[in-house]
Number of protein chains: 6
Amino acid sequence: MAISLAHFGVDSHFVTRLPPNPVGDAALRVLRAEGVGIDAVQRGGERMGIYFVEAGASQRPWSIAYDRAHSAISELDPSSLDWPKLLRDVAWFHTSGITPALGPGPAESTRRAVQAARELGVTVSLDFNYRRMLWSASSAKEVLPSLVRYVDVLFAGEDDLRTFLGIPIPHGALDPASLDLRACETAAARVVSEYGVRQLAITLRENLSASHNGWSALLYDGPSKTLHRGPRHVVHLVDRIGAGDSFVAGLVFAQLDGKPLDQALRFAVAASALKQTIPGDFNRVSVAEVERLGDAEDGGRVRR
Amino acid sequence: MAISLAHFGVDSHFVTRLPPNPVGDAALRVLRAEGVGIDAVQRGGERMGIYFVEAGASQRPWSIAYDRAHSAISELDPSSLDWPKLLRDVAWFHTSGITPALGPGPAESTRRAVQAARELGVTVSLDFNYRRMLWSASSAKEVLPSLVRYVDVLFAGEDDLRTFLGIPIPHGALDPASLDLRACETAAARVVSEYGVRQLAITLRENLSASHNGWSALLYDGPSKTLHRGPRHVVHLVDRIGAGDSFVAGLVFAQLDGKPLDQALRFAVAASALKQTIPGDFNRVSVAEVERLGDAEDGGRVRR
Amino acid sequence: MAISLAHFGVDSHFVTRLPPNPVGDAALRVLRAEGVGIDAVQRGGERMGIYFVEAGASQRPWSIAYDRAHSAISELDPSSLDWPKLLRDVAWFHTSGITPALGPGPAESTRRAVQAARELGVTVSLDFNYRRMLWSASSAKEVLPSLVRYVDVLFAGEDDLRTFLGIPIPHGALDPASLDLRACETAAARVVSEYGVRQLAITLRENLSASHNGWSALLYDGPSKTLHRGPRHVVHLVDRIGAGDSFVAGLVFAQLDGKPLDQALRFAVAASALKQTIPGDFNRVSVAEVERLGDAEDGGRVRR
Amino acid sequence: MAISLAHFGVDSHFVTRLPPNPVGDAALRVLRAEGVGIDAVQRGGERMGIYFVEAGASQRPWSIAYDRAHSAISELDPSSLDWPKLLRDVAWFHTSGITPALGPGPAESTRRAVQAARELGVTVSLDFNYRRMLWSASSAKEVLPSLVRYVDVLFAGEDDLRTFLGIPIPHGALDPASLDLRACETAAARVVSEYGVRQLAITLRENLSASHNGWSALLYDGPSKTLHRGPRHVVHLVDRIGAGDSFVAGLVFAQLDGKPLDQALRFAVAASALKQTIPGDFNRVSVAEVERLGDAEDGGRVRR
Amino acid sequence: MAISLAHFGVDSHFVTRLPPNPVGDAALRVLRAEGVGIDAVQRGGERMGIYFVEAGASQRPWSIAYDRAHSAISELDPSSLDWPKLLRDVAWFHTSGITPALGPGPAESTRRAVQAARELGVTVSLDFNYRRMLWSASSAKEVLPSLVRYVDVLFAGEDDLRTFLGIPIPHGALDPASLDLRACETAAARVVSEYGVRQLAITLRENLSASHNGWSALLYDGPSKTLHRGPRHVVHLVDRIGAGDSFVAGLVFAQLDGKPLDQALRFAVAASALKQTIPGDFNRVSVAEVERLGDAEDGGRVRR
Amino acid sequence: MAISLAHFGVDSHFVTRLPPNPVGDAALRVLRAEGVGIDAVQRGGERMGIYFVEAGASQRPWSIAYDRAHSAISELDPSSLDWPKLLRDVAWFHTSGITPALGPGPAESTRRAVQAARELGVTVSLDFNYRRMLWSASSAKEVLPSLVRYVDVLFAGEDDLRTFLGIPIPHGALDPASLDLRACETAAARVVSEYGVRQLAITLRENLSASHNGWSALLYDGPSKTLHRGPRHVVHLVDRIGAGDSFVAGLVFAQLDGKPLDQALRFAVAASALKQTIPGDFNRVSVAEVERLGDAEDGGRVRR
């Protein structure tokens, strides 16, 4: 997310905790190389969470093995981060539901962060990213909805809306194969009215095969009560990891850049489609590269 | 075949002959790494047969150069293998038409093996695998049909049935583009009645391009006089080598596991489709991975 | 071009200028490895032009960064090449519009070459290859049309015909998506009558995605006033660089080999489709490999 | 250790605990590939300990970053291993001081193991391997000496003897640069008499540079009251990791094989010298390869 | 140089000119990754100079082929850099004789830089680095001595002193094999008195083989009229490129850090010895790593 | 040999037999890339001999596994090569004792070659290269001495002289560790007088370790009755394979080039020392590179 924004020319900073060992040094070096501000990276803890990924192909799915138990960030002391200071002069703060899932420290720290951001008038976005392997649905239910009250732009999926926010929505309404735009609009409007968020964004992935995916997204805007639907790209997957983060980065950048919402959504979908053609989990594309794809999509270049 | 079975959790052993040199040692090490029993591997001979493969792409076909003249296995002394002892407590014995093609020693040894297996009540399967470059059709005709008499499950193609078993079948009847299921059923029934095999299995490959292939299979069951047709997968080929062997392994495992025939065929087709998404000629997929694909195929994930 | 011809068994030679340093030595070594004659390679100059390429995928286009300013060939002294001697006993001379774009020396040398070839009865072909980044359209207009007068077989695109040769042709007439064969025929006939060329060849690329392209070509024959249309291949791109050169090589070889024009075009399209399935910018396919694809295309193997 | 023994043809088994995830699967696969018995490997826990290594060169030392906090083995439940059963029909049991350092579970399990081995008449060896980063000297002092009482063959260094076993020995007496054989003999005799071990083995490394090391060892035999000194090899380091384990494996094998002690020491030093010429931390050398080096060392091949 | 300083924790910045193309972007990214300030990097010009290196071994020397004709920096416009602004609050400015060799623009810019630095009280260092392939001795003679008048710390070799500064010194006096410390001291004193530099540093390389080099250095201090001689390291070369720059970085850091001169020299020699054990031309060692080598050198670890 | 000569600028050709398959094509391509003439390469046979090599290091020796049974060359039909035609206008013919060891066809062909060369006045050289694994000493004794009668320059070792040529020479006389120049001179003189060869060349290798070897050579000249002794290089081995062939190439080139014998020997030793610093079994060094080492060896660069 931060890396993608940095490649878009945004002055982005990453707040995290890395162990004071060579593995943490290497991670820091990579962030710096990609242009991300690292002043707010705390050093401490025993280890850095890592993961092992095996690329899928055709009928064989992508496979990820996480090894992040006891990572430095999971043992974060919430009092060690002075959020009002960290958020001074910041325009946008983004966080994900993975952080509070890591433990009580990160959860409390996330709460303090979004609260401080709201108080300082910083735009807040949250990507639900509920991970069953990290915490139970009941634990998540105690934490996530309370965070949403401080959020301006929410990224969530069908299950998230139903399970955590208690929004009634028919099963499959947000599945690309059986997309029900009306149901989506109704659900989104309820999220806006009940939780006070300004926008709700939903990505749509079609698993045509482990090599080819359809990729699109929806964006509901509260103030104008409009549901925008982004273009659909059929992506020959090079590396699907990082699609969600690059979508967030695209939408954040496009709004900071003052683009109208339909163009912003178009930009975010194109950015995250491009990400999936790049090995590794960084989206190194520039604004110009994203816009070139955005323009091309009406031509014959993109397969629909 | 043996490797794929080992990954399915079957106690599988490989009977072969490897030269007593570092190349043979390396081959043995690989078998052991994949979990195959190597107690029955004989050491001897001058060299190990190898092959060089160039991966195809799109319009450019896969290309293989064999270098297996004078391999250790081709100079096998049939009296050096005590088949009744090797087959004791064995449930299934599989062999391929490549072995007898390598020379009189391997041919005689194969004959002794299937005969011993039949006598011991071991299920016998044979994959025809006729290779023009290894022996003439007339030589093959003298050997292969006589082996079939000891076979329970036969794997063969259209040309094999016509040329070696003398089964009349219209040209193209087993070509996926002009598949004639009735002709197939008639032919299979004759193989069963004339040669006494229990099942006949036929794989179906469509060369959509050197990168994309359609992949499916048929299974005729003698006792129930039923022709089962497996699902069709469109595979983005990573490595097509080993597809036939992994199909055999899938069918052998599924039957040993007691699956009904249509599920067994479904399993075998899925297993061999997955193989073709894996680099190298080993099928390292687990039963769970194959079954996950088998379930998914009714959903939107597999392209039909 | 020369490399592809060498792989077709043609005695081909490359006339160029390479710096007397290890980089030039390496280039020479590669040419020799591929079987190209290097007797006419001049050594001199400061540096060899190189380029950096980043492979595209799906929505992400291929990207090339040239670094060939001040290359040895760009500073060629036209008087240093004795064309009548170099062209003695040569059957065909091919050059490209890139060479004259590099500077006045290469431009003058190209002019002398085609003039000498024409005088000696050597067949001359020219691939327009207009590169905006190398020279302005007005500069190119002063040079390219005057070269065309000595050309037998011209390779050009829609813009080339309109801009440099002043041939009126509707916009998009040569775009595969809106192909206008009649307009193409009319335009080609005018090129033949106004510039005295014998044949005009046009490649047709469809950008289905950065990974999949449609690929075909047209060939107009002046003497018979016939427009031939080649088959269409959908190529899963491995490396699209070198497609044009390998098309030229295919057409040159097929005509030297005495193939009828429709077969020659078929051969050239197949050869250049195969090139795009090979990493690197050399087309190492043999005549047999090209012909095998040519035959297969009526079967089910190639996707249309 | 177990791997090296397996390559010497010994039927060796590894008792450890690996997490039930793909990382644990991969580790198991590697053990099996190298021929180690894996029946006693327990599956459980959250993660597998890993380490990152940067090879040193010349003046730049080798650098290792451990990431094994909370590894599966560190959370071993001592009651989960039935040592008397595991050690049935076993000739030799080896363990290292790293295991008890990992936590109370492993420590207790190690204690039970050596006790059971002693009771069953299994030869027990222990490599002190004290690691400051894993536990304090005072914690180690509570555990290690009590284990030594069950040990037949002890592998230790100068600091280990002084700090944990309370054996007085002059500083530097076991440093190759100031080796004091008499002091060593006296100290070893005290270890034998006070702790009841049968043999004490000490490796000697000279850091000539990070690329070249002198390598040798001493072996004190209690029954014969003899100090054997091994040959010295100057090793051009390819990978120094695993030197200690391969020395242990050499000494264990040579004694199981019935070699006299001076030959056994010679064998162990040669085996571990060879290890350091092999990339990775496995010693894949065969008995014949070790013996060839042992013989050669009196010739001109090994630098002294 | 700047990279090495950044790894020592110094806030270092690089003033250069890079072309506005992907190659320049990549270079910038690397500088940023290593922690070097890039605010003063100018974008412009046609190309970035590159070089090709073939590592030597034993009797086969290292071989470098430069391809930096017409690089962006060689066409620098001296008026485009506002040195007084760039040097504000800077403690030390270092430049090399390679820059003025690249053309009149870089030469004039270097002159302005050292002049501005002197006026602002910034310490100035210059590494002669005379390259015969870049300019003639007579051209260099017109430029280099005039720069020396603004220099505080000069890095030079025997030929540089004799040829460009006109200092009489016996042939071979600074050759490690025939080192004449007295002659060196006399020569250094003359450089100090005639050119007003404060310190003169000289590196000493012994070509024992292309794989092993002796490495040391001398430092003459003008104010105390003392010649310091650094320790000698025998380095097993991994990559000898960058030795000189890392020596400069070591000496600059150590003096900024307030180390006494003999320790500073010791640090610089150790830092540059370590560099030669690291692949690539960056010295990524930390202060702690250098100091550890500095301490170790009196022990047995480093070969003398 | 032929490749090394080609890099020295000599017009060299290789007479061999390669199978008409992709492996043979690849070998041919490599020869051509290195500049060797391939007109005399016969295509035929079943397979190309290959070998697998594992690089040694320090105490671990280099290990080679040959796989060349039934290679194309071993089944050469002697009547298929018209030696008088192949040797027309040739200055020097070199062969090795490996060829006749491969079978009766190659042996007879070698005999015809040296006989034809002698008749045509072509200089003949033979490298004994006796390989125990290819033929017995008694078989070799029937063939090799009869070839020597046609040889001008013989390359042999101590055992070769004693066993095959029956020259009495004390054991170890040609071992670098116990070199007896007088005995060598006596033996060489007998080879000259008894077999009519003009020169006898002997390489001297000292196995300091698997990483470092001493390397030198002797050359006895019959006409002048002089024994020349070459310089000694201590080589840090990168790849020791091909040392003998590159020594031959050096001596052949130097004599064709008209160098005096001591310089020729110096050149040959330097060339083959350099070979051992190059990965792979080709010696790609140029004459200038060899001469540079030859000159340097009196300086401090080469370790003695």
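Let me begin with chain A, where residues 1–275 are 38% helix and 19% strand, with the end C-alpha atoms 11 Å apart; helices (H or I, at least four residues) and strands (E, at least two) are DSSP runs, numbered from the N terminus. This is a predicted model, in which local features need pLDDT of at least 70 and side-chain atom pairs count only at pLDDT 80 or more, while totals for chains, interfaces and linings use all residues. Residues are numbered from 1 along each chain as its sequence is written, chains are lettered from A and ligands numbered from 1 in the order in which they are written, and side-chain values use heavy atoms, with hydrogens and water left out.

Turning to chains E and C, 11 residues of chain E are in contact (heavy atoms within 4.5 Å) with 11 residues of chain C. Between these two chains there are 2 salt bridges, a salt bridge being a side-chain nitrogen of Lys or Arg within 4 Å of a carboxyl oxygen of Asp or Glu. C:Arg47 and E:Asp67 meet in a salt bridge at 2.5 Å, N to O. On the side of chain E that touches chain C, α2 (22–33), β3 (50–54) and β4 (63–67) each supply at least two residues.

Within chain C, the side chains of C:Arg60 and C:Glu54 also form a salt bridge, at 3.3 Å from N to O. Of this pair, C:Arg60 is buried, at 11% relative accessible area, whereas C:Glu54 is partly exposed, at 44%; buried means under 20%, exposed over 50%, and partly exposed in between, with a 1.4 Å probe and protein chains only.
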